[in-house]
Amino acid sequence: APSPQNLIAQSQSGTGKTAAFVLAMLSRVEPGNKYPQCLCLSPTYELALQTGKVIEQMGNFYPELKLAYAVRGNKLERGQKISEQIVIGTPGTVLDWCSKLKFIDPKKIKVFVLDEADVMIATQGHQDQSIRIQRMLPRDCQMLLFSATFEDSVWKFAQKVVPDPNIIKLKREEETLDTIKQYYVLCSNRDEKFRALCNIYGAITIAQAMIFCHTRKTAGWLAAELSREGHQVALLSGEMMVEQRAAVIERFREGKEKVLVTTNVCARGRD
């Protein structure tokens, strides 16, 4: 059989790329071998958990298959070897598990997935950590990289971590989904933006809405100001404990929260 090929792919939100790389991992796993064989990097804790749920659903009839989460807060005993065949996590924790703590033998990895590469390189430290992990892997490891956008910085990063790839790229006009309508409101300062949000609050709570802020400080300020005006909102940012973030996401998913003020920790891959 021909050896598996490397891939760099651009994909819009909601087009099934998670299913594509999960299927690739499931097809390469040998469940009888009780050690990590597939490694998937996600830029955030939330996205790692969501991808893990897809793996669990698609591997539902694969009873011997086990999944481990290499995320902040998941503490293991030093010197422990993990027996799960698939590991999904954020770059910093995965790097620690592969090098400093030696929970994972990187030389046994068959498939390496880098999800949301453009978000990855926009996050401080993630790009270097991802490259360091990739350099520990065997030469015949299959590399799969996915990104919604392909600016020059993303392309350079992709070429560093994926040798001799097949490439799937979208035309510029294909990057935006037809089913998403985009509008903008011109505001000259922060107060005008706040007033605009207050004015449309009634419309966005008919269903649910997410308000993205550039910084954690702005997100905290906006959530506090909206609450002071009597608007019910939830706040989610990277400085919160992972358990708190998971609880907020779950409340939003269940419809208990109508408006979520957040940073780019939620900018990709949320279902």
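A search of the whole structure finds zero disulfides, a disulfide being a pair of cysteine sulfur atoms within 2.5 Å. Cys187 accordingly belongs to none, and the nearest cysteine sulfur, that of Cys198, lies 11 Å away. This is a predicted model, in which local features need pLDDT of at least 70 and side-chain atom pairs count only at pLDDT 80 or more, whereas totals for chains, interfaces and linings use all residues. Residues are numbered from 1 along each chain as its sequence is written, and side-chain values use heavy atoms, with hydrogens and water left out.

Cys187 counts as partly exposed because its relative accessibility is 31%, while Cys213, at 10%, counts as buried; here buried means under 20% relative accessible area, exposed means over 50%, and partly exposed lies in between, with a 1.4 Å probe and protein chains only.

The interior can be followed through its nonpolar cores, each of which is a set of buried Ala, Val, Leu, Ile, Met, Phe, Trp, Tyr and Cys residues joined through side-chain atoms within 4.5 Å. The largest has 33 residues, and Leu39, Ile104, Phe112 and Leu145 touch the most other members. Among the elements that give two or more residues to this core are β2 (38–41), β3 (67–70), α3 (91–98) and β6 (142–147), where helices (H or I, at least four residues) and strands (E, at least two) are DSSP runs numbered from the N terminus. Apart from this core lies another, of 25 residues, including Met25, Cys38, Tyr45 and Ile86. In soluble globular proteins, nonpolar side chains tend to be buried together.

Leu145, leaving aside neighbours within four places in sequence, is in contact with residues including Leu7, Ile8, Leu114, Phe157 and Val162, contact meaning heavy atoms within 4.5 Å. The helix α3 is mostly covered, since six of its eight residues are buried, namely Pro91, Thr93, Val94, Leu95, Trp97 and Cys98. These buried residues of α3 pack against β2, β3, β4 (86–89), α4 and α5.

His231 is placed in the loop between α8 (216–228) and β9, and it counts as buried because its relative accessible area is 17%; not counting residues up to four places away in sequence, His231 touches Cys198, Tyr201 and Leu226. Glu239 sits in the loop between β9 (234–236) and α9 (242–253), where its relative accessibility of 56% is why Glu239 counts as exposed. The C-alpha atoms of Glu239 and Leu23, which are 216 residues apart along the chain, are separated by 33 Å.
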